[in-house]
Amino acid sequence: MSLSLRFILPLILALAAIAYGVVPLVDQLTLRWFVRDLDIRSELVSNSMQEPLQEHLKVGQKKKTELYFARLIQDERLFGVGFCPEGGGALIATKAFPADIRCDGLDRFVDPAARLLRSEQGPLHVALRTIEQEGQVLGKLVLVHDMRFIQLRSEETRQYVFYFFIALGLVVSLITVVIAQLSWRGWIHGMRALLRGEGLLREPGTAAAAPEFAPIARDLRVLIREMEAEYRPRDEGQLTWTPEALRAILHGELRGEDVLVVSNREPYIHVRRGVDIEVQRPASGLVTALEPIMRACSGTWIAHGSGSADREVVDGNDRVAVPPEKPAYHIRRVWLTQEEEAGYYLGFANEGLWPLCHIAHVRPTFRGSDWQQYVAVNRKFAQAVVAEAKKPNPIVLVQDYHLALLPRMIREQLPEAIIITFWHIPWPNPEVFSICPWRKDILEGMLGSSILGFHTQFHCNNFVDTVDRVLEARVNREDFTVSYGGKLTAVKRYPISIDWPPGAELTAQSVELCRSAVRSRHAMGPEHLIGVGLDRLDYTKGVLERFHAIERLFELEPSWIGRFSFVQLAAPTRASIGEYQQYEAQVRALAARINERFGRDGYQPIILRIENLPPQELYAYYRAADLCFVSSLHDGMNLVAKEFVASRDDDRGVLILSQFAGAASEMPEALIVNPYDSDECAAALHLALSMPAAEQRDRMRLMRGLVAEFNVYRWAGRMLLDAAGMRRRGKVQERKTT
Ligand code: GDG
């Protein structure tokens, strides 16, 4: 309401009150008082006239009576005096006695209400009094009082009342304006605060809404929740998640924000081969997942430059545009010394954290010197992030267990950054994690993140339990947040996935052609059945257990001997770590022993290819296979399972999947097995090899539906949408403090 309106309104109300209420009331009251006054006065005057009048009338001196009356009306209020003799005699009256008062019509003035007379001379008051002498009625005395003075007084009163109410109105207006101004300011302040989100967020450290705003705050919260609920299905469920959709989110929701990915492994490695430089794609689930995202959002990927020709292809800022054939984003390479790589990557990350988190019965090794390198290298990555950030508030996607300290280090230098850390491997229970001598530093480092993502809810639970056990942090299990050192971290589940539909080049060759190519390459007959396994050659992937299961199948169902071969593709990995060297040797030896035991002329039960293969070749194997066997002893997700499903556009093939892979919770249509139970695995192999085509199709369709719907763009999109949500909430908080 404007100030003038607030001021004028009480005045208008005061005037209305005067016009329609006070003035008529005052008029009525004063009239009533004056009439009563005149009645009393008339009584007094007539009483005092009794005797002189009797005298004048007795002697019949009309003239004397008139003179007497004339003397009386010198009183300014007495307008006229008259006498009507009893028995109809002529009126004896003063000169200006009103003509409409006649002796024959006096009865009408008996009624008190009729005593007021409106005559030409103005308002008059008529009072009658019977004059008697010794019980004999002489006539009627008529006293006429002038009431104009009453009118004058009433006007005066009205003026006073008017001025009084105007003054009152002005005072009330003034008070109203002052109070309104004060409370309006308070109200506006409260409402603005509410609209800025203060008191709406239930985060520790945020102010609650003032009590008078509590109902509005509650309604606003409900509204926001409803809007969010409407918004989510539109974006998540109804959206077809494609690179374009992801790009649209980046442009729409994040308005082209600065997106930085940080990981140890780089997506393209430049390797020197004589005079040529070759570009390699590493065998890594993380790279598989993030590469399409970076293509879609054209950010910068900060990673360890590990290739022999990496330094030769970068510019002055250690940057190189990739993919080489069609550049879409940049890699910013971080250079590590041999000591750093040995301590940080091979030592602390892969001999310490990797076995610690996988519980694959390989003892984790923690060395103080490795830890020093781990800290130093994380700091190096943090410096690269700060150098690459174009704004003080970039969105940084930190990847995996190599960079657990990075979130906090970034937060210290870029406090406004949105840091999303994704932990690609499992998180163990608190007892297991407590083995790590630097458990507190690791957790503190990770809690520098705004959002901390895991593949499964089970891993989220384990993490929150660990924090609860190790740190003095506030853990909220309702909305899965951890508040530590005044900083809030949301712990969320983001099941990773793959590109969908898979690149056309991966499925260009028909399933029949793929099958015949694989059969001819490995000298198999046309009816020969094929199983496939594809992994980095890591002890967590359960390759030995897989081979034991195949051996058990041949023991239990010898009819498969000679009719079924298992092709194990294994990309060498972390080859300089003793544990991995031993593992490779064990895998080779077991394959050889089983081949020895069940192989025949030209028939090899297990075909082992330990080499890094291009994706097209991997997909040719997936498409040729009758079954794919994923037997991880513990795995964050396992993308091989999803890739196999994605490759099968013919709806054929059976997936055997370890119950310890994160993927098992998403794909129950696979044959779920315990890799430690070789009998169960052998039974699953037998079931898969004899599964009717219709059942294969039904299972495969359901799994393909899942991967299509929850592809890698959705994984990244959900994280980026959450980042956008945080950014919006951050802006609300920012406004609150300004
Ligand atoms: C971690 C978690 C999680 C394999 N051999 C070659 C090759 N590969 C590709 C596969 C697949 C990827 O490597 C392996 O995927 P995994 O999911 O098994 O991943 P890990 O490397 O263990 O990674 C895991 C993953 O992160 C993602 O979050 O699922 O649980 O342990 O894409 O196709 N690729 C090429 N040549 C090979 O020889 N080019």
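**Entry 1: helix α5.** I began with helix α5, residues 243–252, and looked up which of its residues are hidden from solvent; I found that A245, L246, I249 and L250 are buried. Looking down the axis of α5, I saw that its buried residues fall within an arc of 140°, so they line one face of the helix. I reminded myself that an α-helix has 3.6 residues a turn, so residues three or four places apart point the same way. I also noted that the model I am reading is a predicted one.

**Entry 2: T300.** Is T300 buried or exposed? I found T300 to be buried, with a relative accessible area of 2%. Leaving out its neighbours within four places in sequence, I listed its contacts as V259, L260, V261, M294, R319, H330, R332 and E388.

**Entry 3: the nonpolar cores.** I then looked up the largest nonpolar core, which has 102 residues, and I wrote down Y374, I442, F463, F547 and L627 as those with the most contacts inside it. Helix α8, residues 338–358, gives the largest share of this core, namely 9 residues. Why does this core lie between domain 2 and domain 3? Domain 2 (259–493) and domain 3 (511–710) both give residues to the core, so it lies between them.

**Entry 4: aromatic rings.** How many aromatic pairs does a search of the whole structure find? The search gives 26 of them. I looked at F422 and W715, an edge-to-face pair whose ring centres are 5.1 Å apart, with 90° between the planes. This pair links distant parts of the chain, since F422 is in strand β13 and W715 in helix α21, 293 residues apart. F422 is buried, at a relative accessible area of 0%, and W715 counts as buried too, at 3%.

I also checked Y539 and Y583, which form an edge-to-face pair at 6.4 Å centre to centre, with 80° between the planes. Y539 lies in the loop between β18 and α15 and Y583 in helix α16, so the pair ties together parts that are 44 residues apart in sequence. Both Y539 and Y583 are buried.

Key:
Residues numbered from 1 in each chain as written. Predicted model: local features only at pLDDT ≥ 70, side-chain atom pairs only at ≥ 80, totals over all residues. Heavy atoms only, no water. Buried < 20%, exposed > 50% of the residue type's maximum accessible area, 1.4 Å probe, protein only. Helix = DSSP H or I, 4+ residues; strand = E, 2+ residues; numbered from the N terminus. Arc of directions from axis to C-beta. Contact = heavy atoms within 4.5 Å. Core = buried A, V, L, I, M, F, W, Y, C linked by side-chain atoms within 4.5 Å. Domains from an automatic or database assignment. Phe/Tyr/Trp six-rings, centres within 6.5 Å; stacked < 30°, edge-to-face > 60°.
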